[in-house]
Amino acid sequence: MNKIIIIGAGIIGMLTARLLVKKGISVTIIEQGYAGKESSWAGGGIISPLYPWRYSDPVTRLAQWGQRHYPELLEEIRVNSGIDPEYIQSGLLYLDIEDELQQAIAWEKKHAYAFESVSGAALKTVEPGLDFSSVDTPQHGCLTSTIGQVRNPRLVRALREDLLQLGVIIEQQTQALSFITQGEQLKGVMTDKGSFYADQVVVAGGAWSARLLEQWLKAPKIAPVKGQMIVFKAKPGVVSRIVLSKGRYVIPRKDGRVVLGSTLEFNDFDKTTSEEVLQELKQEACRIIPALSDYPVEKQWAGLRPGSIDGVPYIGEHPELKNLYLNAGHFRNGVVIGLASCQLLVDQLLEQDAIVDPTPYLLTEQRLVNDSKDIDLSTAI
Ligand SMILES: Cc1cc2nc3c(=O)[nH]c(=O)nc-3n(C[C@H](O)[C@H](O)[C@H](O)COP(=O)(O)OP(=O)(O)OC[C@H]3O[C@@H](n4cnc5c(N)ncnc54)[C@H](O)[C@@H]3O)c2cc1C
């Protein structure tokens with residue numbers, strides 16, 4: 001039986017492991033911290049890119065595949081693990097997109113999405129929590145009622161539990177340090193807890209992926225991009241939909257809590273939060289849904305997105321080392337595009353028909369050269 005090691009127990013590592021173990025492969029995940037405690041824990045869980053028309057077709061292709069397959073997978077994980085990832089099809093209401101409306105409509109037609117234009121009384125029905133007394137509140141919006149969301153901390157807990165039941169070994173507090181090679185073939189991974197041998201190794205280390213690779217091999221630019229979030233302890237009904245306005249979004253959870261996100265900060269592996277951002281996010285939340293000012297902020301946190309130049313992840317074998325694979329660089333969309341990216345990688349590992357053309361995602365020499373370390377991510381997205 002084939003043995004595969006996955007470095008990183010975020011959503012990408014864990015979904016990859018699930019697909020492999022279901023095919024009878026023996027899988028060990030090596031995780032430097034605890035499973036599902038980094039970016040995949042911190043995110044908003046929206047199963048859509050925020051402004052999907054701003055992304056290239058390769059991102060859209062993965063997102064659409066994921067949107068089709070998530071409901072069934074999430075139900076399977078819920079039943080197997082006994083933990084509810086709280087998938088809800090809450091829909092997403094876009095506000096303040098007048099400047100991009102033509103682009104959005106053209107994109108919607110090309111990709112067969114259902115955008116519904118809403119204004120006046122209809123807007124009130126779609127999201128009663130908006131501030132209809134303010135002249136600044138937009139009178140028009142665009143609704144995609146099929147967009148769903150998951151609650152990240154529950155999703156990663158459910159996934160971890162599910163994997164343990166399926167027989168995946170998760171070595172936590174074990175850091176991958178280097179690769180064990182024989183000629184140009186990979187044989188395993190050297191960690192701070194000793195050597196692990198396998199037929200193939202997948203690096204799914206999120207924002208840390210390039211840092212591990214670049215010590216030994218060429219690596220594309222994958223760098224941490226911090227996002228700070230807050231959650232209000234509100235009651236059910238205060239917000240009905242995911243509402244996106246001027247780059248900020250509110251996400252209503254099943255129990256009434258409302259998440260507000262998020263910042264884009266380019267300051268290395270620092271995960272600290274600040275009072276200044278807390279105040280700014282609170283203000284933004286109350287601008288979108290004024291009633292949130294009646295509820296306390298329960299928590300503030302930050303996560304590190306695996307930033308890449310255009311948000312197109314690297315999925316495939318490393319050109320310099322046989323049997324070493326990468327699945328990383330999902331940037332702001334690791335949940336929505338992650339499922340398809342993991343299936344695409346597994347298709348390559350098992351040499352089976354690919355769900356979509358793998359070419360745009362491959363880790364080619366050309367991408368390694370073009371997506372160089374010197375590119376400033378804050379200007380490249
Ligand atoms: C604030 C915020 C909001 C977001 N909102 C959304 C959203 O609404 N929708 C969406 O689709 N996406 C969203 N994202 C993005 C999404 O969360 C990420 O793209 C996704 O979680 C990346 O998953 P990952 O598994 O690659 O990374 P991670 O979850 O960071 O996992 C990588 C793991 O690898 C481990 N690791 C790294 N190096 C090593 C090593 N050398 N040895 C052992 N272990 C190692 C790390 O400890 C970590 O646990 C958001 C992200 C943030 C931060």
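**Reading helix contacts, sheets and a ligand shell**

Trainee: Which residues of helix α1 meet which residues of helix α9?

Mentor: In this predicted model, I11, I12, L15, T16, L19 and L20 of α1 meet G334, V335, G338, L339, S341, C342, Q343, L345 and V346 of α9. Residues are in contact when their C-beta atoms, placed from the backbone, lie within 7 Å. The contact of α1 with α9 divides into 10 nonpolar, five polar and no charged residues. Here Ala, Val, Leu, Ile, Met, Phe, Trp, Tyr, Cys and Pro count as nonpolar, Asp, Glu, Lys and Arg as charged, and the others, Gly among them, as polar.

Trainee: At what angle do α1 and α9 cross?

Mentor: Axes are lines fitted to C-alpha atoms, for helices over the stretch in contact, and angles run from 0 to 180 degrees between N-to-C directions. The axes of α1 and α9 cross at roughly 40 degrees and come within 9 Å. The two helices, α1 and α9, are therefore oblique to each other. Angles under 35 degrees count as roughly parallel, over 145 as roughly antiparallel, 65 to 115 as roughly perpendicular and the rest as oblique.

Trainee: What is the crossing angle of α1 and α6?

Mentor: Helix α6 covers residues 152–166, and its axis crosses that of α1 at roughly 30 degrees, coming within 10 Å. For that reason α1 counts as roughly parallel to α6. On the α1 side, I11, M14, A17, R18 and V21 take part, and they meet V156, L159, R160, D162, L163 and L166 of α6. By class, this contact of α1 with α6 has eight nonpolar, no polar and three charged residues.

Trainee: How far apart are the axes of α3 and α9?

Mentor: They lie 7 Å apart, and α3 and α9 pack at an angle of about 90 degrees. Helices α3 and α9 are therefore roughly perpendicular to each other. Residues V59, L62, A63, W65, G66, Q67, H69, Y70 and L73 of α3 make the contact with V336, I337, G338, L339, A340 and S341 of α9. The contact of α3 with α9 has 10 nonpolar, five polar and no charged residues.

Trainee: In what order do the six strands of the open sheet stand?

Mentor: Two strands pair if DSSP finds at least two bridges between them. The order is β6-β2-β1-β10-β17-β16, and the pairing is mixed. Strands β6 (169–171) and β16 (314–317) stand at the edges with a single partner strand each, so one side of each has no neighbour in the sheet. On average, neighbouring strands of this sheet are turned by 20 degrees against each other, direction ignored. Strand β2 (residues 26–30) pairs with β6 in the parallel sense over three bridges. The bridge partner of I30 in β6 is E171.

Trainee: Which strands does helix α1 touch?

Mentor: Helix α1 (residues 11–21) packs on the sheet and touches β1 (3–7), β2, β10 (200–203) and β17 (324–328). The direction of α1 makes about 170 degrees with that of β2. Helix α9 (residues 334–349) also packs on the sheet, touching β1, β10, β16 and β17, and its direction makes about 170 degrees with that of β17.

Trainee: What is the order of the three-stranded sheet?

Mentor: This open sheet has the order β7-β8-β9, with antiparallel pairing. Strands β7 (176–182) and β9 (194–197) are at the edges, each with a single partner strand, so one side of each is left without a neighbour in the sheet. Neighbouring strands here are turned by 30 degrees against each other on average, direction ignored. Six bridges join β7 and β8 (residues 185–191) in the antiparallel sense, and I180 stands opposite G188 in β8.

Trainee: How many residues surround the ligand?

Mentor: A residue is near a molecule if its C-beta atom, placed from the backbone, lies within 6 Å of it. The ligand is surrounded by 42 residues, the closest being G8, G10, G206, G227 and G334. Two or more residues of this shell come from each of α1, α2 (39–42), β11 (223–232), β15 (297–307) and α9. By class, the shell has 18 nonpolar, 20 polar and four charged residues.

Trainee: Which peptide bond is cis?

Mentor: The bond from G261 to S262 is cis, with omega near -20 degrees. S262 lies in the loop between β14 (258–261) and α8 (275–288).

Definitions and conventions:
Residues are numbered from 1 along each chain as its sequence is written. This is a predicted model: local features need pLDDT of at least 70, side-chain atom pairs count only at pLDDT 80 or more; totals for chains, interfaces and linings use all residues. Helices (H or I, at least four residues) and strands (E, at least two) are DSSP runs, numbered from the N terminus. Two residues are in contact if their C-beta atoms, placed from the backbone, lie within 7 Å.
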